[in-house]
Amino acid sequence: MLSCLLLCVSSLSSLDSVDYRDLLSYQGTPTSMEERDKRGNLKIPSTYVDKGAWHGFYLPDSVEQYAGFTGPMIIAQEYTLDFSDNLQKLIIENVDSGEMLSLTTAERIERYSRPDGLVQQFHWPEYSLELKLSYSDDRTSVFTTRLVNHTQTPQHWRLTWSGKPFTHHLKLPQHALIRELETWKQGVRWKLNPIMNTWQMQLADAEFELWFDRDMKIEALEGNGYRATTSTLSVAAKSQLSVLSAQRYFHTHKEGIQHKAVNWTQVDTALASNQQIWQQRLDRLISSGDLAYQRMAVKSMLTLIHNWRSPAGALLRDVVTPSVTYKWFNGVWAWDSWKQAVALAYFDAELAKSNVLAMFDYQFTAKDSVRPQDEGNLPDAIFYNKDNARGGEGGNWNERNGKPPLATWAVWAIYQQSQDTAFVELLYPKLVAYHNWWYRNRDHNGNGLAEYGANVHPAHIKEGKPDRAAIIEAAAWESGMDNAPRFDDDGSVLVLENRNSEGLLLGYSLSQESVDLNAYLFAEKVLLAKMSAVLGRSEDSIVWSTQAEQLKLKIQTEMFDAQSGFFYDVRFDDTGREMMTEAGKGVEGWIPLWAGVASQAQANTLVEQHLTPKAFATKIPFPTVSADSPHFQAQRYWRGPVWLDQALFGLQGLQRYGFNTEAELLASKLVNNGEGILGMEPIRENYDPITGQGLHCNNFSWSASVLLIIYKTWLDK
C-alpha cells in the first residue's frame, strides 16, 4: 500500500504521464502564409513553441500530412506567419520489399502533444515509426525520427523528406518570400527577401534552415522546394535507429553566423536537458488537487512558454509576449509583464526576472534623447523594432502613455519565490524612480492623488494644439481599461497640462483622480517599505509606511461613496470635486480591497451590497462593469467582459478581508464556467460574464498567469 501511495504521488507531475497530454489543440495545416479569424487569431488554435524560439509547429490534422509536423510558423519580427504547409514531410521506402510504407495501414496510430514536444507514433507488428518534435535551443527545433524493428531479422529502409515554402503572402503578391535556395550535403537554406511592411510583414536578411545529422542526397526542386533522401538504413533485429534533423529560423544572416552549424554531438544532451527543465517546472508547479485543475495549471504554464521570446532586435532579454497567435501581440507591454512575472515566479524565477528587466532596459532617464521629462517612467509597449523617434521603423512601439504601477508587486512576488535579495537591490532604485514619476508627471494639483494621462508626444498635437481626443485615448490606454465608461468623453473632463517649476511641459492629466491608480500606488508604498526593510534601509521603510498611511486616509475618505457603498474615480475642476457615481460601478472599485487600502467596514459593504449575481458575482465573476449598470455590455472589451487580472484582484481582495469562503467559491466558479478553461481550447483574453464564452484573443498570457495563480492559491489542495 505504501509503495502504491508513493507511486501515485510521484506520478502527479511526471512529464511522461498521459495526464499532461493534449492540453492544447495544435491540430491544423496552413494553406497560406496568414489565415486568421475575424478577431485576428490564427485559425489553427495553438502553436507549439519552446525555448523562446521564433518559429513553431502544429500537429497534422489529415492523413495526407502524417509523418510531418505541419508548418513551420515564423514570427517575421512582429507578425506571426506560416512559412510552409509541411516543410518536412516524410516518405519511407521498405528496401527489402521495394514498397512505400503506407502509414494508414498501421494497427495503431497516435498523435499527441506533451509539455516538451509533439509526437506521432505508428505501430505495426513487425516495426514501429516514432517521430518527436522538441527544441534544443532558442533557434533550433529538432525532429527525431526513430525506426524500431520488432522482428528477429534485420530491416532496411530509405527515408525521403520533401517540402517547400509558400511563395508569397496573399496580401503582398508582389513580394516573393524566397530570394535564394542553397543546398549542401547535410542541409537546405532558404534566404528570405527583405520587406518592411509596417502592419503586415517585417523581414531583414532572414534565413530558414533545415539540417540533417548525416550526408543526404539533396535535390533542389521547382518552387524553392527540396527533396532529401538517406542512403539505405539497416535496423538490426530487435533494435532501433534514429535520424535527427533540425529546423532553425534566424531574423538576420548575422544571427545565423553567431549560432554556427548544428553540433550533432551536443543535441542529445540539449534535448535531455530541456526534458529535465520541463520536469522541474512540473515539480515546482504541481503538488496536489483535482486532475482537471492540474491540467489547467500546466496548460497555463505551456501558454506562457509558447509566448516566450528570446532576445532579438530591440528585445534585449527573454520576454513573454501576450500571444503568439494573435496578430498584434508579438511585443511586450508593461503591465502584462508584471502580471506574467508573478506567475512565472512559481516555476521559472529566472524567466520572471528577465521579463521585468526587459521593460526596465528602456526606463527613461534624465539623459534620454526623446523624453528626459519622463525620467523614471517606461514605455507602454516595446517590440522588435523601435519607433521612428528612436531610430527604428516600427509602428507598434508605444511611448504615448505609461501603464498602471504594478512593477513593485511583480518584483516582490519574484523575491518571495526566489529569496534573491540582489534582484531587489538592483530594482529598488528603478522602482522608486518609477513610483515618483507618477507624482511629478501625473498629479496635476499636487494633492497626493494621481491621475491617468498622456506623455508629451507628436500624436497628441493637432494643428499646433493639444489634441483632446488623442490625449483622452492615451489616458484610457494608460489605465489599461481602454474603453471603460469612466473614460467616455462627455465634454466634462478637462485635459490638463502638467509643467515643472521652470514651465517645461511634462505631460498631460485628465481632471480625474482614478481609484485604481491610487490604490496601486498605495500598494507600491507598502511593498517599497518591505523592500527597504529587506535591504536594511530602515529610514526609507519608515518614509514609505508614513506615505502609505497618508494615502490610505485620502482614498478611504475621498473615493468611497457611502450612499452607494462603492469606490469611484473623482472628477475635479476649479469649483470643486465630485465622485463619478454616474459613470457606474466598475471593477476598479474592488482594487482598494486588493491593495488593502479599504477599511474593514468598507470591504464589508462592498461584499454585502455588490457581490451578487446581478452585480459582480456573475457566472464568471468580476465583470469590468457591474452587470446592473446601464453601461454594461457583456462582450465589449472593458465595458463588461471579465478580464482575469481584475477578477484575480477581486478574489485576492476578498481573501485579504477575511472572505475566504467567497473567494474560493468564486475562483472555482471562474475556472469551471469559463469556456474551454478546463478543456483543450486556448486560454482567452477575456470572458463573457453572463455566458462564460471566451472572447477576443487566443492564448493570452496574463489570463494564463491568473489561472496559474488561482490554482496555486485556491485549487492546489
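**A buried serine, and beyond**

Ser84 sits in the loop between strand S3 (79–82) and strand S4 (89–94). Strands (E, at least two residues) and helices (H or I, at least four) are DSSP runs numbered from the N terminus. The model is predicted, so local features need pLDDT of at least 70 and side-chain atom pairs count only at pLDDT 80 or more, while totals for chains, interfaces and linings use all residues. Residues are numbered from 1 along each chain as its sequence is written, and side-chain values use heavy atoms, without hydrogens or water.

Ser84 is buried, at a relative accessible area of 0%. Beyond four places in sequence, Ser84 is in contact (heavy atoms within 4.5 Å) with Pro30, Gly71, Pro72, Lys164, Pro165 and Phe166.

Next, Gln340. It lies in helix H5 (residues 334–344). Gln340 too is buried, with a relative accessible area of 0%. Its side chain reaches the backbone oxygen of Val320 at 2.9 Å.

Now the domains. The assignment, automatic or from a database, gives domain 1 (25–279), domain 2 (289–307 + 612–716) and domain 3 (443–598). The C-alpha centres of domain 2 and domain 3 are 26 Å apart. In the interface, 21 residues of domain 2 contact 25 residues of domain 3. About 1800 Å² is buried there, and carbon and sulfur atoms give 59% of that. Trp638, Phe649 and Tyr657 supply 30% of the area domain 2 buries against domain 3, more than any other three residues. (Buried area is the accessible area, 1.4 Å probe, that two parts lose on being put together, summed over both.)

(A salt bridge is a side-chain nitrogen of Lys or Arg within 4 Å of a carboxyl oxygen of Asp or Glu.) Arg639 forms a salt bridge with Asp488, with the closest N and O atoms 2.9 Å apart.

Technical notes
Buried means under 20% relative accessible area, exposed over 50%, partly exposed in between (1.4 Å probe, protein chains only). A polar contact is a pair of N or O atoms within 3.5 Å; within protein, one must be able to donate a hydrogen and the other to accept it, and residues adjacent in sequence count only if both atoms are side-chain atoms.
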